[in-house]
Amino acid sequence: MAKGTNDAQLLIQSLRKAYAATPTTLKIIDLYVVYAVATALIQVAYMAIVGSFPFNSFLSGVLSCVGTAVLAVCLRIQVNKDNKEFKDLPPERAFADFVLCNLVLHLVIMNFLG
Amino acid sequence: MQARCARLKTIRLLGDPVDDYEFEADADQDDSSDVEEFYDDDEDGIPCFYDDVVEHILAVYNEYFGGMDDDDIRSGGDPKEFSLISGERRFKSTLHFQIKGSIWSSEPWTIPMAKPLVLHLLLLLICGSALLSSGSVIHPISDAHRSAATELFVPAADGSFGSLEETFEALRAFQILGVDRTGAKFEGTCKTVSEKLSSPTSTTKDLYHALKITGILGCRTESIEFDGITSRLQAAVKDASSLLELYYSLGGLLSVKEQGKDVILSDADGTFQAIKALSQSDGRWRYDKDSTGSSTFAAGIALEALASVVSLAGSDIDQSKIAVVRKDITKLFDRIKRYGDGTLYFDEKNVDPDQYKGPLATSASITSGVTAFAAVSSEKLNIGGEKILGLAKFFLSIGIPGTAKDFFYQINSLASLENNRISIPLVLSLPATVLSLTSKDQLKVEVTTVFGSRAPPLAVSLLKVLTPDSKEVTSFEKKELEYDPENRIHFLDLSPLKIDVGKYSLIFKVSVNDPEGSDIYATGDQIIVTAFFTGFIKVDKAEIAVSDSDATSESVQKLDLSKDSLISLSANHLQKMRLSLQLTTPLGHSFKPHQMVVKLRHESKVEHLFVPETSSRQYKLVLNFLGLVEKFYYLSGRYEIELAVGDAVMENSFLRSIGSIELDLPEAPEKAAKPPAQPVDPLSRFGPKEEISHIFRAPEKRPPQELSLGFMGLTLLPLLAFLIGLLRIGVNFKGFPTSAVPAMFATLFHGGIGAVLLLYVLFWLKLDLFTTLKALGFLGVFLLFVGHRTLSYLASTSVKQKTA
């Protein structure tokens, strides 16, 4: 119905405006997450086409993307100033954790890649 | 990397036949077998205690077949057959092993059973020449001994046979048997012997043997210095301390005397006394004054030495002393032992092991001693002729000895017995102990001395004929054998005696014609010889029939058992088969053979054996198939029939194929026993098998290269989008520290991260985990340090910004 679509459009616009207000750092992280997920989706599509023969490779590839996305989400949570829980945590510390966890994740991924 | 391989606790075979093995594996020694303990470290589908199992199987297999090793076992089939049943304490597994040469099949691995030996044993036809039971075969010395002598005593190139003693023994044996002792070889012997005689270092024993050899070979004696030797021997006699010394020196002196030289024994009485002093009260002798044990062997030597003294001294010896020795000899002969058939011998068991000589040596020593003494004693020795005959039998019953020493003992003793002064043994022998009634053989008997020489005129009579169970054949009366002077054989015609076939003990008596001869010659009382009378057994009334169980109708067929028949019968399980025949001896009596067997053999080579029963004059076998169905394993089909009849005295023992019978048996119920596995042609079972071609796992289908590369490119697209998005957002490097040191740390930080990522790429490409981890360790520490500095700097600047 016209009203419905109107409402949807209004909703989307308000979301966009609100999003524009988010700090840049958070936008970077969001973009990173989108990138990781997109890569994962492409890999899944590939597997859907050719079959899962080196299943370990597929898994490692997908899990790398998903894992790094998850870590980025964690980072976002911790860095977000509006989040009261992590008020005392310096963002640098969160970033260091992010880097460390990513490195460990990728070591395991590389091992599993085969 | 700790070894996780479970120690195999037990392997148990699940019954017999065997193909499955039950394992219990307990690696962590908690007394329970868990699934985890069946490890497969190298992931090849075979558990790591495979080696233990192989070892065990090899051991079991070698027990039956032998000769297998590790290379001959390999696991065949799909390794995935090794499956575990989890949840139970014991884990069964089916590891199919192919052992080289064995059957690889789904059948259980059977351990082959022993072939039924029964029928093979039953087909043994005993040749009649084997004499069983009491009485060994006695034959006088013959040419066989002569040829054996030449084989046993083989001289070396210089004519010697080893030591001087062995040479003497060989030459003495040759002398007795009449083997040629001339030739260039023995010239050399003469030379060595004379060297020995003139050498001052020879012992008395050497001198004794050397002198004897000189006598035997007839060596030229001009070069030998007999005086010196004689004086040496006489000194030895005087100084002798042991029996053997006395024996050798006296024997040497006697030998010198025999070769024509004059020899005087100075103190004959004293020497006699010295020897006599060593005697014991039971007739035995000691070797010297100090030794405590006495022996019979020494007695023989002592007697021979005493005889030498008497012959050397002439009439100087007191006759009473000789009489005493005669009594000693009588006591000695009380120790004689006997076998059941009249053979006598001497043996002693209570001597030191190194002094134990054995019955042959002991008896030989006594024989030589006693005969030598009897030759010099004016009065006759009080030993019965029967004892001499017993000793002669003992020596002859050895046959042809296997060693040179034994041969010498036997021949030397028999030579002393041949012409001794006590009594000369006469031996009765049968040249043939299997006599055929069909060919009207005569019973032939030879009576000779032990060396086969002519005996004095005598009469041989056959007293009794005994059956194997010692019953007399009553129809037989004592008969005297006729004499054939040309062949020197006593013979008797058997046909008028009407003795049936069988194994008999014949009892002979030999008596010398000359009435005084019984003193000189020893013939023995009753001589028992075992003989076989064989003949042709008539087979009569042989028939085979198939009848119904109520014995109404019968289809009888006559059999001719002189050749194979091809009778063809058929029967079902409700019928009976009857086979009957009669056996008659040449004299018309009913005959009971040792072996009579009927064999039924199925097409699949399963065999069954039956023994016919005897009743009155007939042998009958009735096979009631109703009762035999289970025994035949329910196998219907064609059965070949064979009949085997055999006996030692049957000249026409036979194995005949009678024909075949088609048996129709009911179907086997499920629980019926299976027929035993028949031995398979070894080549088919143990021969090479067809090659197993292993099919490797087909590689998975991969997508085309271009597709993969295309998607790789596609994966990089989001990265591009990410970078573009970043620019759109307005990423900047403002936060990058500007002052020198922090800037350096910041670059190092980013550099460090980049290095780690590069390390990962290298890890994927070619490094292994260990190297990677090592490098990662170093890089990580570095990165930690640098990162900490950078981030703390950034933190401090942002705090300053906030507060400022």
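These legends describe close-up views of a predicted model.

**View 1. Chain A is built from helices.**
Chain A holds 4 helices and 0 strands. Read from the N terminus, its elements run α-α-α-α. Of its 114 residues, 31% count as buried. Among contacts in chain A with a separation of 6 or more, 67% come from residues 24 or more positions apart. The accessible surface of chain A is about 7200 Å². Carbon and sulfur atoms make up 70% of that surface.

**View 2. A salt bridge links A:Arg76 and A:Asp30.**
Side chains of opposite charge can pair when their charged atoms come close. Here the closest N and O atoms are 2.5 Å apart. A:Arg76 lies in helix α3 (residues 55-79) of chain A, and A:Asp30 lies in helix α2 (residues 24-50) of chain A, so the pair ties together parts that are 46 residues apart in sequence. A:Asp30 has 16% relative accessibility and counts as buried. The cut-off for buried is under 20%.

Over all chains, the structure holds 22 salt bridges. B:Lys471 is exposed, with a relative accessible area of 52%. B:Asp560 counts as partly exposed at 38% relative accessibility. Elsewhere, B:Glu165, B:Glu169, B:Lys205 and B:Lys405 are joined into one network by salt bridges that share partners.

**View 3. An open sheet of 5 strands in chain B has mixed pairing.**
The strand order is β11-β19-β17-β13-β14 (chain B). Which strands stand at the edges? They are β11 (434-436) and β14 (479-480) of chain B, and each pairs on one side only. Strand β13 (residues 458-466) of chain B meets β14(B) in the antiparallel sense, over 2 bridges. Within this pairing, B:Leu462 stands opposite B:Lys479 in β14(B).

**View 4. Another open sheet of 5 strands in chain B has antiparallel pairing.**
Its order is β21-β20-β23-β27-β26 (chain B). β21 (554-558) and β26 (613-615) of chain B stand at the edges. Each has a single partner strand, so one side of each is left without a neighbour in the sheet. Neighbouring strands of this sheet are turned by 25° against each other on average, direction ignored. Inside the sheet, strand β20 (residues 538-548) of chain B and strand β23 (residues 575-584) of chain B pair in the antiparallel sense. They share 9 bridges. The bridge partner of B:Glu543 is B:Ser580 in β23(B).

**View 5. Strand β22 of chain B has a covered and an uncovered face.**
In a regular strand the side chains alternate between the two faces of the sheet. Which residues of β22 (residues 567-572) of chain B form the covered face? They are B:Ile567, B:Leu569 and B:Ala571. B:Ser568, B:Ser570 and B:Asn572 form the uncovered face. β22(B) runs parallel to strand β29 (residues 654-664) of chain B, and 6 bridges join the two. One bridge partner pair is B:Asn572 and B:Asp664, the latter in β29(B).

**View 6. A nonpolar patch lies on the surface of chain B.**
The patch is formed by B:Leu758, B:Val761, B:Leu762, B:Trp764 and B:Leu765. Together they have about 480 Å² of accessible area. B:Leu762 is found in helix α19 (residues 740-765) of chain B. With a relative accessible area of 34%, B:Leu762 is partly exposed.

**View 7. B:Ser242 sits in a loop between two helices.**
The loop lies between α7 (226-239) and α8 (243-258) of chain B. Is B:Ser242 buried or exposed? B:Ser242 is buried, with a relative accessible area of 17%. Leaving aside residues up to four places away in sequence, B:Ser242 touches B:Tyr287 and B:Asp288.

Conventions. Residues numbered from 1 in each chain as written. Chains lettered and ligands numbered in written order. Predicted model: local features only at pLDDT ≥ 70, side-chain atom pairs only at ≥ 80, totals over all residues. Heavy atoms only, no water. Pairing = 2+ DSSP bridges. Patch = residues over 30% accessible without salt bridge, like charges linked within 9 Å, V, L, I, M, F, W, Y side chains within 5 Å. Areas by Shrake-Rupley, 256 points an atom, 1.4 Å probe, with all protein chains shown as cover. Salt bridge = Lys/Arg side-chain N within 4 Å of Asp/Glu carboxyl O. Buried < 20%, exposed > 50% of the residue type's maximum accessible area, 1.4 Å probe, protein only. Axes fitted to C-alpha atoms, helices over the stretch in contact; angles between N-to-C directions. Contact = heavy atoms within 4.5 Å.
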